[in-house]
Amino acid sequence: MGSVLCDWPSFDPHNFSQLRPTDPSNPSKMAFATYHPPHSRTLPPPDQVITTKAKNILLRKFYERAEEKLRPKRAASENLILEHGCKQPRASTSC
Amino acid sequence: MSVWNYVVTAQKPTNVTHSCVGNFTSPQELNLIIAKCTRIEIHLLTPQGLQPMLDVPIYGRIATLELFRPHGEAQDFLFIATERYKFCVLQWDAEASELITRAMGDVSDRIGRPTDNGQIGIIDPDCRLIGLHLYDGLFKVIPFDNKGQLKEAFNIRLEELQVLDIKFLYGCSKPTIVVLYQDNKDARHVKTYEVALKDKDFVEGPWSQNNLDNGADLLIPVPPPLCGVIIIGEETIVYCSANAFKAIPIRPSITRAYGRVDADGSRYLLGDHAGLLHLLVITHEKEKVTGLKIELLGETSIASTISYLDNAVVYIGSSYGDSQLIKLNLQPDAKGSYVEVLESYVNLGPIVDFCVVDLERQGQGQVVTCSGAYKDGSLRIVRNGIGINEQASVELQGIKGMWSLRSSTDDPFDTFLVVSFISETRILAMNPEDELEETEIEGFCSQVQTLFCHYAVYNQLVQVTSSCVRLVSSTTREFRTEWNAPSGYSINVATANATQVLLATGGGHLVYLEIGDGVLTEVKHAQLEYEISCLDINPIGENPNYSQLAVVGMWTDISVRIFSLPDLNVITKEHLGGEIIPRSVLLCCFEGISYLLCALGDGHLLNFLLNLNTGELTDRKKVSLGTQPITLRTFSSKNTTHVFAASDRPTVIYSSNKKILYSNVNLKEVSHMCPFNSAAFPDSLAIAKEGELTIGTIDDIQKLHIRSIPLGEHARRICHQEQSRTFAICSLKNQSSAEESETHFIRLLDDQSFEFISTYQLDPFEYGCSILSCSFSDDINVYYCVGTAYVLPEENEPTKGRILVFMVEEGKLQLITEKETKGAVYSLNAFNGKLLAAINQKIQLYKWMLRDDGSRELQSECGHHGHILALYVQTRGDFIVVGDLMKSISLLIYKHEEGAIEERARDYNANWMSAVEILDDDIYLGSENNFNLFTVRKNSEGATDEERGRLEVVGEYHLGEFVNRFRHGSLVMRLPDSDVGQIPTVIFGSVNGVIGVIASLPHEQYIFLEKLQSNLRKVIKGVGGLSHEQWRSFNNEKKTVDAKNFLDGDLIESFLDLSRTRMDEISKAMSVSVEELCKRVEELTRLH
């Protein structure tokens, strides 16, 4: 048992070195200063106000698939595009 | 009308829900950060222990608290997510000592079913993303960019619907989660997924493990080099990774919390439901896991969080008992425990029930709570104000003043107590037997009233009477010299310190003397234009025996003036305004800040900041302490100086965090007080009150005092009986044997000693549900009535219960009669000399009948059906207010003639109630399970039956606390002639251990404070950018609406913590002076 109960990690060996046990039947109530932040830094930088992408998962999947379908076509060769010249990506697919 | 309510916290939450350790305030400092539901506390680890740094209110209930270290940062950031789907990332700015918001946001989705098992928030160990599981079937990702900035969040579909836990795995090239879930056959498995950030989707992970322990509930990710995950079950613990699987059986237990010990993840502390602390060790050869080992270390409070701090010291946060600081010892103690409790921290939560009683019969309420759960259950006696513990007391009428004196200048203790009467002065002293007896100081004038006394340098004592100042040797007690008032003049007021005397005679003459060895020198004389009412030369400068300032209060122009000493030049003149003269002035110093306190004849107290060098007075504030003249005196307790204000409402004035606070002293009227620090009664006070002189010690200087009565079992209901001076409780005890058996008791406790004096054991499976002390018509006896339920495993709702009627006879519970019921007796009320019970769906009225044989029985009179479960009932006259499990509040009326109970009106909202109370004839208060408060109004004037049958919702507010009980009453002494004495209050107790007060304000005051609250919202920002308005908006599954007719007293009272410039800002916006604002807010603080 002793072997697993030694070598306790230590960040600063002084921490708790002067602490003496208090009467456990007399629990302590700590006196804290209450923080009231009357300053502008409680507001995050404008680009760090995070929201969730509004598009739901299903629509996202649809558009991703649509994009994937289009991409190889564009990449293939120009004559392919000529053949299907009428087919253009919809404006709304950019999500 | 009690429509306009003010909600304020008397006792902040104490239930520790989360804790974490890291370098938050500086790279060199280690911090413990604790979440208590709606607040976080930041502590610093020091050689002396945990040092409190800051208590931070959060505008939300904390769901997740995590420290993390983004790339390139030297210290940790704090991630907080709230139950209402807000999150923020906070950073500590050490230079400004401020919490900066790095990011915040809203992570709610418009559709989605909130998870049943609580919200999960986790951060990838390599800081690539934050993961949130908030709704079933969805995993939300907030990605970090390479600069550590957060990007827009997105959802990923998660196939597992019944998720128990999710953690990030360490050491994975792609962020990888491990999910512990239950399938639709109730079997439990783990599965891993890689998060593909680019594709915004999951990719099947490196491994999975099916068919775990049926009680597997907790995942512990293991850091490198071992990696993998530990799965904690109720009967096994498993280590799992892509290439290893190790399992060990454990004694059946439910693990509630874990804490990692080593950075390499080889040891963990586990805390279980019974409060046992285990050490789990991963044995390994190099990086290969070879097995698991578990060792029992000892017992703690039942842990909700465990944080290894430093050097074998561990923080145990608890929801069910006091939180603790423990040390892990190398060797076991006599009981075989390796755990040593170093400190424990009060936790009142969960407050399941409470009652308000006046045990000391002083006209001041004390709250006695059923706190804690299981083995950590206890009663807590909570009272406001500072108590005086009487050590000795003598009857003495007509005391006009008191002073303590030392027998030599350097004696640490006081020997003499000088008590002055209208025409004599008596000296008391400690004799060798440590008794107080009358003695004499020969050099003193004892046939006249003493105006002031003090010890002086060169082993002397100084006495001031109306005709002279006498100097006496403190060793021989003999007269040395005197200074006589000029003939025709008598001394009206005087003060002195060890080297100086200042006195005033009629005609506005101010005389300054200095004390030498057997010499009194008149140094200076000044003629003022008016009479002098009070003066002080308490030395608060560098020299403890000499003051360079004198303060004088004046009649006629109602001013205080500050004079320089020894030349008696006026350096400051402050007009107090009004017509009430200053009666006592005092120079004092709290926490290094100098103040002038000035007490008026009408119980008001002014305080000013005092510049010791210039005598300048600033930051004037006014409070009302009582209605009678106040006398101010300093005293010290635990090496700190405080001020005692003796009046009809004695108060201790002290300073905490550089703010002046006022705490009631639990005594009725005190005319005089002086510190009396003798060897037999160290740190004591001598107090003159109501024809009595008392020597007593003083409680710790703090506002609320909590006494703990550990029960070792779980108290669920409590009630007090004045006549028998007892408490009765319903409690349950878990048997420690392997079977999950529990036994329920009715216990009788003495209301002074809190000892169990009698016990009645309930039947197997029988629970105590309600308890009441009452009497019946035509019977002078007082009874305890107990409502019970037989909770059988095979029944969804109890179908059988009992009402037991007990009488206390010779300190024993005697069962008088019992009545079987067709369900659980959730509530009992005394009603028109009868007994009103809520039994499942029904409200039932019982008569108290005398049988022919002289015995008594409960006989059913009438009832009312129509509830889902009638859980909470309050009555007023013939009206009955019922709080239903899920159908909000309804109002019933008892019709005497017909002997029937009928429904009069109901609130048609679907609120799941947790408590109800009647505020007045027309307004009823409710709390519900989404942590909201609301009020409804009876509409007697409605034009139609439909309108009259509807309880109109008039107030709504998000409290953020689960309230278990409301009770009428007050924590403070209510003086009928004070303003706050007129305000009716209700006290509430919550699961988080919060005790709060709901005060029904007059409309004018409400409007004023509402304006103040809206101005404060502009000045005091929510930590993390969270909005106060949103936080307090009423919110449930169906709707979110702005709070109305409730004010947040905690926000309003934080006005007193603001800097002067911020106060000025608000004062300008309100067009009300700072002094007036402070006074009105200070008055409100006296409600709790």
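Author: Start with contact, which means heavy atoms within 4.5 Å. By that rule, 50 residues of chain A are in contact with 96 residues of chain B.

A word on the ground rules. This is a predicted model, in which local features need pLDDT of at least 70 and side-chain atom pairs count only at pLDDT 80 or more, while totals for chains, interfaces and linings use all residues. Residues are numbered from 1 along each chain as its sequence is written, chains are lettered from A and ligands numbered from 1 in the order in which they are written, and side-chain values use heavy atoms, with hydrogens and water left out.

Now the area. The size of an interface is often given as the accessible area lost when the parts come together. Buried area here is the accessible area (1.4 Å probe) that two parts lose on being put together, summed over both. Between chain A and chain B about 6200 Å² is buried. Carbon and sulfur atoms give 58% of that. On the side of chain A, the residues that lose the most area to chain B are A:Phe16, A:Phe32 and A:Tyr35. Together they make up 13% of what that side buries.

A salt bridge is a side-chain nitrogen of Lys or Arg within 4 Å of a carboxyl oxygen of Asp or Glu. The count between the two chains is 3. One joins A:Arg41 to B:Asp93, at 2.7 Å from N to O. A polar contact is a pair of N or O atoms within 3.5 Å; within protein, one must be able to donate a hydrogen and the other to accept it, and residues adjacent in sequence count only if both atoms are side-chain atoms. The interface holds 37 residue pairs in polar contact, both residues at pLDDT 80 or more.

Which elements of chain A take part? Helices (H or I, at least four residues) and strands (E, at least two) are DSSP runs, numbered from the N terminus. α1(A) gives the most, with 4 residues. By type, this side of chain A divides into 26 nonpolar, 14 polar and 10 charged residues. Nonpolar covers Ala, Val, Leu, Ile, Met, Phe, Trp, Tyr, Cys and Pro; charged covers Asp, Glu, Lys and Arg; the others, Gly among them, are polar.

The chains also pair strand to strand. Two strands pair if DSSP finds at least two bridges between them. β1(A) and strand β9 (residues 98-106) of chain B run parallel, joined by 2 bridges. There A:Val49 stands opposite B:Met104.

For contrast, take a strand pairing within chain B. Strand β31 (residues 366-371) is joined to β30 (residues 353-357) by 5 bridges, and the two run antiparallel. B:Val367 in β31(B) is the bridge partner of B:Val356. Another 5 bridges join β31(B) to β32 (residues 378-384), also antiparallel. Here B:Thr369 partners B:Arg380. The hairpin of β31(B) and β32(B) has 6 residues between the strands, and B:Gly372 takes a positive phi near 75° in it.

How covered is β31(B)? Buried means under 20% relative accessible area, exposed over 50%, partly exposed in between (1.4 Å probe, protein chains only). In β31(B), 6 of its 6 residues are buried. In a regular strand the side chains alternate between the two faces of the sheet. B:Gln366, B:Val368 and B:Cys370 point one way, and B:Val367, B:Thr369 and B:Ser371 the other.
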